[in-house]
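This report examines selected helices, individual residues and a ligand site. The sequence and the structure are displayed first.

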Amino acid sequence: MTPEQQAIRQAAKEFVAKKIIPHAAEYDKSGEFHAYLLEAAKPSGIFAMAVPQEYGGLGYGPLTQALVLEEWGYGCAAMGTTLSASILSMEAVLTAGNDDQKRRFCKPMLSAGIGAFALTEPAAGSDAGAGVATAVKSGGEYILNGPKCWITNGGEAAVYVVFAATDPAQGAKGLSAFIVERGLPGFIMGDREEKLGLRSSNTVFFFLKDVRVPVANLLGKEGEGMKIAMETLDLARPSIGALAVGLAQRCLDECVKHLRKRYPAKSYPGETLQFDLADMQIAIEGARQAQHHTMSLREAGKPFSMESAIAKTLGTAVAMSVTSQAMRLMGSHAYTSEFGKFMRDAKVMQIYEGTNQIQRLVIARSVLAPPKAPAPTMKAAAE
Ligand code: COS
C-alpha cells in the first residue's frame, strides 16, 4: 500500500469504529434503512470515492476502493452494501455513458446521494437476459414498462440504471440500459423486503408504468444492455469479495475476543482450537489476496473477468465458512441475534451480484476457453 492508501484505510477504520459499528445492531434489529449514515459520510465524500476527479469525486482507484469496502464490511455488511451497490450503478454509467451522462449521474453522489442498479426481474435473476421490462421509443423519449425486484438501494436512490428491452424479440441482444431519475411519474415503489440478513440495506420491488425518459438517457446504443450489465458486474463483483473479507475478519476477531475471555490470561486455547483459528485466518488472507490481485489486474488494464468471479466466490464462501466455524467454536455464545448477524449477512453474499454458481459458470468458461498460443521462446524470438 502507498502512504496515501494507508491513510485512506486508517480514515475508513476510524469512521467505521465511530459511525458504523456502534449502530449496526440497532439497524439490523429494526430493518430500517440507515439514513443517518449518508449524512455522517457527507463530509468525507466517501460515497463519491469511485467518481472520477474530473466530475468532482475522490477518484479512488479500484484497490483503494476495495480497502475502504473491506473496512465497511468489517463494520457492517449491510451499510457496506449500500455503498458498494451505489458504486455498481455508477460503474455502468462510467463504463458506457457519455460525458454528460456521467456528470449527471455522478452529481448526487457528491453530496452522499446513492444509486441503484435495476437488472433483476421476477423471471430474470441468474438468466439476466430473460426480463420482460420494455422500452419503446416515442419521439424524443423512451417509455419504460415492467417490474424490477430485489433492487438494492431501490427505495432510497436518487438515480437508477434500469435495463429494459428495446427489441424483446432479440432476447438478451435486445436489452438496453437507461438512466432513470427518481420520482418520475409512473415509478411505482413497492414495500421494502424484510430480509434474513443485510437487514438495513434497502431492497425493494418497483414497477415502471409508462415512465418516460429522454433519449439522452440511453446508455451506449440500443441492444448493448447485456454487455453493459456483464462488464459492470465484472467491475463490481470483487467489491462484494472485499465486504465479505471484512465481515469474515471481524467475525474471527470477535470470536478470538470471546475465547480470550473464556480462557484465562496467558493460557491459550488448546492446539486443535488454535489450528481452527489459523485455518480461518489462512482462508481470509487467501480471499483478501485474490481480491487485491483482481484489483491490481484491473488497474494494470489486464483482463480480470475470471479473477473477478473468483474474488467474489472465494470471499463470500470464506465469510460463510468462517461465520459457521466461529459459531462452532463459541457454541451457544454465538447463537444470538447479534453474533448471528455475521452469518445472516454472509449468506446473501453468496447469492447477490450473481450467485456463486453463476460465478462458477463464468470461471468455467475461462477454464474451458481454447488455450492461447504460447509465447515464443527466447531462442525462437531471436531467430
Ligand atoms: N463482459 C462483456 N461482455 C460480456 C461478458 C463480460 N464479462 N460476459 C458476456 N458478455 C456478452 C457476450 O459477449 C454476449 O454478447 P454477444 O452475444 O454479442 O457476444 C452477451 O454478453 C451475452 O453473453 P452470454 O451469451 O454469455 O450470456 P448467457 O445468457 O449465456 O449468460 C451469464 C451469461 C449467466 C454469465 C449472465 O446471465 C449472468 O451474469 N447472470 C447473473 C446476473 C447477475 O449477476 N445478477 C445479479 C443482479 S444484478 S446485482
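Which residue takes a positive phi just after helix 5? It is alanine 112, with a phi of about 60 degrees. The model is predicted.

## Helix 5: span and ends

Helix 5 covers residues 99-110. The expected span is 1.5 Å times one less than the number of residues.

The N-terminal end of helix 5 is capped by asparagine 98. A side-chain oxygen of asparagine 98 lies 3.2 Å from the backbone nitrogen of aspartate 100.

## Helix 5: buried face

The buried residues of helix 5 are Gln101, Lys102, Phe105, Cys106 and Met109. Viewed down the helix axis, these buried residues fall within an arc of 105 degrees, so they line one face of helix 5.

Helix 3 is formed by residues 62-75. From first C-alpha to last, its 14 residues reach 20 Å, close to the 20 Å expected at 1.5 Å a residue. Helix 3 is mostly covered, with 13 of its 14 residues buried.

Leucine 88 is located in helix 4. Its relative accessibility is 6%, and it therefore counts as buried, the limit being under 20%. Setting aside residues up to four places away in sequence, leucine 88 touches Phe117, Thr232, Leu233, Ala236 and Glu353. Leucine 88 and glycine 246 are 158 residues apart along the chain, and their C-alpha atoms are separated by 19 Å.

## Positive phi in two loops

Most residues other than glycine have a negative phi. Leucine 198 is not a glycine, yet it has a positive phi of about 45 degrees. This residue is placed in the loop between strand 6 (187-192) and strand 7 (203-214). With a relative accessible area of 2%, leucine 198 is buried.

Glutamate 353, also a residue other than glycine, has a positive phi near 50 degrees. The loop between helix 9 and helix 10 holds glutamate 353. At 13% relative accessibility, glutamate 353 counts as buried. Glutamate 353 is also one of the residues that leucine 88 touches.

Arginine 344 belongs to helix 9 (residues 337-349). Its relative accessibility is 17%, and it counts as buried because the limit is under 20%. The side chain of arginine 344 reaches the backbone oxygen of leucine 196 at 2.9 Å. Not counting residues up to four places away in sequence, arginine 344 touches Asp28, Leu196, Gly197, Arg199 and Ser337.

Aspartate 276 lies in helix 7 (residues 271-299). Aspartate 276 counts as buried at 17% relative accessibility. Leaving aside neighbours within four places in sequence, aspartate 276 is in contact with Arg328 and Leu329.

## The ligand site

How many residues surround the ligand? There are 20, and the closest are Ser126, Lys173, Asp234, Arg237 and Arg365. Helix 6 (225-262) and helix 10 (356-368) each supply at least two residues of this shell. Helix 6 gives the most to the shell, with seven residues.

A ligand oxygen is 2.7 Å from an N or O atom in the side chain of arginine 237, and a ligand oxygen is 2.6 Å from an N or O atom in the side chain of arginine 365. In the case of glycine 354, a polar backbone atom is 3.1 Å from an oxygen atom of the ligand. Taken alone, the ligand exposes 1,000 Å², of which the protein buries 68%.

Terms used: Residues are numbered from 1 along each chain as its sequence is written. This is a predicted model: local features need pLDDT of at least 70, side-chain atom pairs count only at pLDDT 80 or more; totals for chains, interfaces and linings use all residues. Side-chain values use heavy atoms; hydrogens and water are left out. Helices (H or I, at least four residues) and strands (E, at least two) are DSSP runs, numbered from the N terminus. Buried means under 20% relative accessible area, exposed over 50%, partly exposed in between (1.4 Å probe, protein chains only). The arc is that of the directions from the helix axis to the C-beta atoms. A polar contact is a pair of N or O atoms within 3.5 Å; within protein, one must be able to donate a hydrogen and the other to accept it, and residues adjacent in sequence count only if both atoms are side-chain atoms. A residue is near a molecule or strand if one of its heavy atoms lies within 4 Å of it. Accessible areas come from the Shrake-Rupley method with a 1.4 Å probe; for residues, only the protein chains shown count as cover. Contact means heavy atoms within 4.5 Å.
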